Amino acid sequence: MIWWHICLVAICSYLFGNLSFARYISRAKKNDITKLGSGNPGSTNMLRNFGLKIGLLNLLLDMLKGFIPSLVAWLIFKSDIYLYIAGVGAIVGHIYPVLYKFKGGKGIATMMKYEGYLPISKQDMIERGIEQLDFVYVIGDAYVDHPSFGPAIIMRILEAHGYK
C-alpha cells in the first residue's frame, strides 16, 4: 500500500460523494430540495416532495455514489482496503460535502450500496439484499432514519467482533 494511493482514493471518492443528485434533480424541477419538507437533500425528502419515481431515482443515484468509487478503486488496485477507503470516502462526502458547506444527506443510501458490494459470501449477500428490501419497505415512514441506522450500526458492531 502506497500512502499517496490511499490519499488519492480517499479524496476522489470523497469528491464523488459530494455530488448531490437530490439538489440537481430538484433544480431541474425548478425547486430547491433544501427549502422543501425536512430540508434534507435525501431520498426520503425527494419521495415526499416529488413522488415515488423521483424518490426512487434519487435513491438509486445515491446508492451508486457508494458503489462506483468502491468498484473503480478495487478494479484499479485489486485490494479490499482500497474498496473500503473508497466507500467510506463516498459516504463521508455525501454526509459532509465541502461543495455545500458540509450540509449533506444522511448517507443511508450511499452506505447501503457500498456495503452491498463488499466481497462477501452468497449467504451474506442474500441477507444484505433482505436488509435493503427492509429499507425500501420503511422508506415512506416518518421515522425512516431510525429503522435504517439501527441495522447498519448493529451489523458493523457484529462484523467488528467477527460475526458474519
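The accessible surface of the protein comes to about 9,500 Å², and 70% of that area belongs to carbon and sulfur atoms. Accessible areas here come from the Shrake-Rupley method with a 1.4 Å probe, and for residues only the protein chains shown count as cover. Please keep in mind that this is a predicted model: local features need pLDDT of at least 70, side-chain atom pairs count only at pLDDT 80 or more, and totals for chains, interfaces and linings use all residues. Residues are numbered from 1 along each chain as its sequence is written, and side-chain values use heavy atoms, with hydrogens and water left out.

## The overall picture

The protein has eight helices and zero strands. Helices (H or I, at least four residues) and strands (E, at least two) are DSSP runs, numbered from the N terminus. Buried residues make up 42% of the 164 residues in the protein; buried means under 20% relative accessible area, exposed means over 50%, and partly exposed lies in between (1.4 Å probe, protein chains only). Contacts tell us about the fold too, a contact being heavy atoms within 4.5 Å. Among the contacts with a separation of 6 or more, 60% come from residues 24 or more positions apart.

## Helix 3 and its neighbours

Let us look at helix 3 (residues 43-50). Six of its eight residues are buried, so helix 3 is largely enclosed by the rest of the structure. The buried ones are Ser43, Thr44, Asn45, Met46, Leu47 and Phe50. They pack against helix 2 and helix 4.

Asparagine 58 belongs to helix 4 (residues 52-77). With a relative accessible area of 0%, asparagine 58 is buried. Leaving aside residues up to four places away in sequence, asparagine 58 touches Phe21, Ala22, Ile25, Gly42, Ser43 and Met46.

## Rings that meet

How many aromatic pairs does a search of the whole structure find? The search finds two. Rings of Phe, Tyr and Trp (its six-membered ring) pair if their centres lie within 6.5 Å; planes under 30 degrees apart count as stacked, over 60 as edge-to-face and the rest as tilted.

Phenylalanine 21 and tyrosine 24 form an edge-to-face pair, with 6.1 Å from centre to centre and 85 degrees between the planes. These two residues, phenylalanine 21 and tyrosine 24, are three residues apart in helix 2 (residues 21-28), so about one helical turn separates them. Phenylalanine 21 counts as buried because its relative accessibility is 18%, whereas tyrosine 24 counts as partly exposed at 32%.

Phenylalanine 77 and tyrosine 82 make a stacked pair, because their ring centres are 4.3 Å apart and their planes are at 25 degrees. Phenylalanine 77 is partly exposed at 23% relative accessibility, while tyrosine 82 is buried at 5%.

A charge can also meet a ring. A charge sits over a ring if NZ of Lys or CZ of Arg is within 6 Å of the ring centre and within 35 degrees of the ring normal. The charged end of arginine 23 sits over the ring of tyrosine 100, 4.0 Å from its centre.

## Salt bridges

Side chains of opposite charge can pair when their charged atoms come close. A salt bridge is a side-chain nitrogen of Lys or Arg within 4 Å of a carboxyl oxygen of Asp or Glu, and the count by this rule comes to two.

| Salt bridge | N to O distance |
|---|---|
| Lysine 35 and aspartate 32 | 3.7 Å |
| Lysine 65 and aspartate 62 | 3.5 Å |

Are lysine 65 and aspartate 62 buried or exposed? Lysine 65 is buried, and so is aspartate 62. Both sit in helix 4, three residues apart, so about one helical turn separates lysine 65 and aspartate 62.

## A nonpolar patch

Ile11, Leu15, Val88, Val92, Tyr96, Val98, Leu99 and Phe102 make a nonpolar surface patch of about 750 Å². The elements that give two or more residues to this nonpolar patch are helix 1 (3-17) and helix 5 (80-95). Patches are made of residues with over 30% relative accessible area and no salt bridge: like charges are joined within 9 Å, nonpolar side chains (Val, Leu, Ile, Met, Phe, Trp, Tyr) within 5 Å. Valine 92 is found in helix 5, and valine 92 counts as partly exposed at 37% relative accessibility.
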